[in-house]
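This report covers salt bridges and nonpolar packing in one protein model.

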Amino acid sequence: MTDDVKPGTSDQPDDTRRPSPSAAAASRARRIGGRPLPGPSVTEAAEVTEAASAKVDVAKRPRRPNVATRLRRSSRPSGAEPRRPAREPRSRGRWLAQLGWLPAVVAGLAVLAMLAVAAWQSHGVWWAKTAQDTRERTQQEVLAAAKTCAAAILSYDYRNLDAAEAAGKACTTGQLKSDYTKAMETTVKQLAPQSKTVQTLQIAKAGIESVSPDGKQWVVLVYGQQAVTDAKTKSGDAPRLDLSNPEVTLDLVGGKWLVSNLGNPG
């Protein structure tokens, strides 16, 4: 005996008649006496998950450069490295540039320090040498003046007494100049022409005897001889020689060394 089957029915369950997951969840909640929790349905959750995946895919895609970047890259030579923007000089470099005068100042101070040390170590040798050179030069000037003026004062020729007197007066100063002029006018010019006397002082050497504290008066000893000829001297005879060693005192007058005293050594 066969069971009658109603039209439209089947032994296999029909999946199309199954409730949706959300409806099933609501049905279970009603059976257990609770209410369904608010929230998206499974379909809505799937849609949200798909949208999030799409966003992640978009984020992972490489961004295309804009037009300006593409133009800048196309104008760059092939193989050339990208140019880096120039860095501004650091403030420290500018500060050192403003102190460019510092090395010169340091060098100048070093030179001054070395000069000071050299002067200290020399113990005044340089200054002493300079003073010694000045003294030696003055000494030579005094000795030369003593020789020249002593010869001018103690020499004359009866044939040219005016020239001899002028030379002697040019070398004397003070009281000696007056005494010399008087002796020439009253004695030599009167007697020399009569005796035809020619007197010449020949100087061998001279030496410094003393110097004043201020260095403006020197006393010099002159050593030599006087050659004398007169009317008694025969033709062809040698002149008479007389030893002479006058003491000559010279003073610095107007930048010249002049004889202020002429006498015999004491």
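A salt bridge here is a side-chain nitrogen of Lys or Arg within 4 Å of a carboxyl oxygen of Asp or Glu. The model is predicted, so local features need pLDDT of at least 70 and side-chain atom pairs pLDDT 80 or more, while totals for chains, interfaces and linings use all residues. Residues are numbered from 1 along each chain as its sequence is written, and side-chain values use heavy atoms, without hydrogens and water.

The whole structure holds 5 salt bridges, among them these:

| Pair | N to O distance |
|---|---|
| K189 and D162 | 3.0 Å |
| K189 and E165 | 2.6 Å |
| D242 and R240 | 3.4 Å |

K189 sits in helix α8 and E165 in helix α7, 24 residues apart; helices are DSSP runs of H or I with at least four residues, strands runs of E with at least two, numbered from the N terminus. D162, E165, E185 and K189 form a network of salt bridges. E165 is buried at 6% relative accessible area, whereas D162 is exposed at 52%; buried means under 20%, exposed over 50% and partly exposed in between, with a 1.4 Å probe and protein chains only.

The largest nonpolar core has 25 residues, and V220, L250 and V259 have the most contacts inside it. Such a core is a set of buried Ala, Val, Leu, Ile, Met, Phe, Trp, Tyr and Cys residues joined through side-chain atoms within 4.5 Å. Helix α6 gives the most to this core, with 8 residues.
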